[in-house]
Amino acid sequence: MELCLCPLCGGDRHYALPVACKLYGRCLDCALVFMAPVHRLDDAGEKAVYDGHHNEVDDPRYRAFLMRAFGQVLAQIPAPASGLDFGCGPGPALLAMGRESGYQMAGYDKFYADDPALLTRQYDFITSTEVIEHLAEPGAVLMQLWDCLKPGGLLVLQTQRVLSDERFRHWRYRHDPTHIVFFADASFHWLAQRLGAQLSLPHPDVAVLAKARIQP
Ligand SMILES: [Zn+2]
Ligand SMILES: [Zn+2]
C-alpha cells in the first residue's frame, strides 16, 4: 500500500497512520489525514453511497445541522447576495434555506448537478457542508472555490475536524467509506495562510475563510 503526496498542500512529508486494515497518512506540513488511494471507492461506488442518503429539504433536524454553516452566512452577509452551495447533493436543503432568506442561490454537485459553468462565476458566499472530507483533491478544489469568491466574500466549510491520532483511530466519522480526507484545525490555518484568508473556527465542525475586500 502506498500513500500519495498530501492532497491539500502537495507536500511529501507525512507519517503513516494505519488503522484497522486501512492506511492513512498524516501530513507534517498541514496536519491533514488522508487515506491511501488504494482504499478509495470508484465514482459509481461513491455515488451508490450518496444515493442511499435521504436528507429531506424540509427535515427540521437536517436544517438545524446545516444551520451550523448557514448561520455564519446569515450573520455576516446581508441579503440580497449571491451564493453557491458546492456539493449540494440530491436533496438541496441549503439552497432552499438560502432562497427563503433572500439570497440568490446556485448549487453545484459533481454527481447530481454537474454544471461546470457555475464554477466560473463569482459569488458573495460559498457554502460546502459535509463535502470536503470526500474530495480526492481538496487543495485544488478549495483554490478553485476561492477564485469564485468576490472580494469581501465568505467561504464556509462544514466538516468534522480530527483532534488527534488517537481519537482518529476510534472515530466513527472515519467509518464512512467515502470519507477520505480529514482536516485538523492546523489544516485550516495552513489553508488560510495559503489563500491569504482571514480564518475563524466558530464551531467544532465549521471553518470560515473570509476574503479581503481589497485584494493586495
Ligand atoms: Zn499537507
Ligand atoms: Zn461526509
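1. F70 is found in helix α2. In this predicted model, F70 counts as buried because its relative accessibility is 0%, which falls under the 20% limit for a buried residue. Apart from neighbours within four places in sequence, F70 is in contact with L94, M97, G98, S101 and Y103. Another residue to look at from here is S128: F70 and S128 lie 58 residues apart in sequence, while their C-alpha atoms are 9.5 Å apart in space.

2. Helix α2 covers residues 60-76 and helix α3 covers residues 93-100; the two pack at an angle of about 70 degrees, and their axes are 10 Å apart. That angle makes α2 roughly perpendicular to α3. The crossing in which α2 passes α3 is right-handed.

3. Which residues make the contact of α2 with α3? From α2 come Y62, R63, L66, M67 and F70, and from α3 come A93, L94, A96, M97, G98 and E100. By class, the residues of this contact are 8 nonpolar, 1 polar and 2 charged.

4. The loop between α2 and β4 holds P80. The peptide bond from A79 to P80 is cis, with omega near 0 degrees. For a reader checking backbone geometry, the background is that most peptide bonds are trans, and that most residues other than glycine have a negative phi.

5. A31 is in the loop between β2 (22-27) and β3 (33-35), and its phi is near 70 degrees, a positive value in a residue other than glycine. A31 counts as buried, because its relative accessibility is 14%. E130 lies in the loop between β6 and α4. E130 is not a glycine either, yet its phi is positive, at about 55 degrees.

6. Is helix α4 mostly covered or mostly uncovered? Helix α4 (residues 138-147) is mostly covered, with 7 of its 10 residues buried. The buried residues are P138, G139, V141, L142, M143, L145 and W146.

7. The crossing of α4 and α6 is right-handed. On the α4 side the contact is made by L142, M143 and W146, and on the α6 side by W190, L191, R194 and L195. The residues of this contact divide into 6 nonpolar, no polar and 1 charged.

8. R174 is in the loop between α5 (165-169) and β8. Is R174 buried or exposed? R174 is buried, because its relative accessible area of 9% is under the 20% limit. Leaving aside neighbours within four places in sequence, the contacts of R174 are V19, Y24, F168, R169 and F182. R174 and E133 are 41 residues apart along the chain, and 9.8 Å separates their C-alpha atoms.

9. Last, the chain as a whole. The chain has 6 helices and 10 strands. Its radius of gyration is 17 Å, close to the 17 Å that the globule rule gives for 216 residues, so the chain is as compact as a globular protein of that length. The C-alpha trace spans about 50 × 45 × 30 Å along its principal axes. Of the 216 residues, 51% count as buried. Among contacts between residues at least 6 apart in sequence, 64% join residues at least 24 apart.

Technical notes
Residues are numbered from 1 along each chain as its sequence is written. Chains are lettered from A and ligands numbered from 1 in the order in which they are written. This is a predicted model: local features need pLDDT of at least 70, side-chain atom pairs count only at pLDDT 80 or more; totals for chains, interfaces and linings use all residues. Side-chain values use heavy atoms; hydrogens and water are left out. Axes are lines fitted to C-alpha atoms, for helices over the stretch in contact, and angles run from 0 to 180 degrees between N-to-C directions. Helices (H or I, at least four residues) and strands (E, at least two) are DSSP runs, numbered from the N terminus. Angles under 35 degrees count as roughly parallel, over 145 as roughly antiparallel, 65 to 115 as roughly perpendicular and the rest as oblique. A crossing is left-handed if the near helix is turned anticlockwise from the far one by less than a right angle, and right-handed if clockwise. Contact means heavy atoms within 4.5 Å. Ala, Val, Leu, Ile, Met, Phe, Trp, Tyr, Cys and Pro count as nonpolar, Asp, Glu, Lys and Arg as charged, and the others, Gly among them, as polar. The radius of gyration is taken over C-alpha atoms; the globule rule is 2.2 Å times the number of residues to the power 0.38. Buried means under 20% relative accessible area, exposed over 50%, partly exposed in between (1.4 Å probe, protein chains only).
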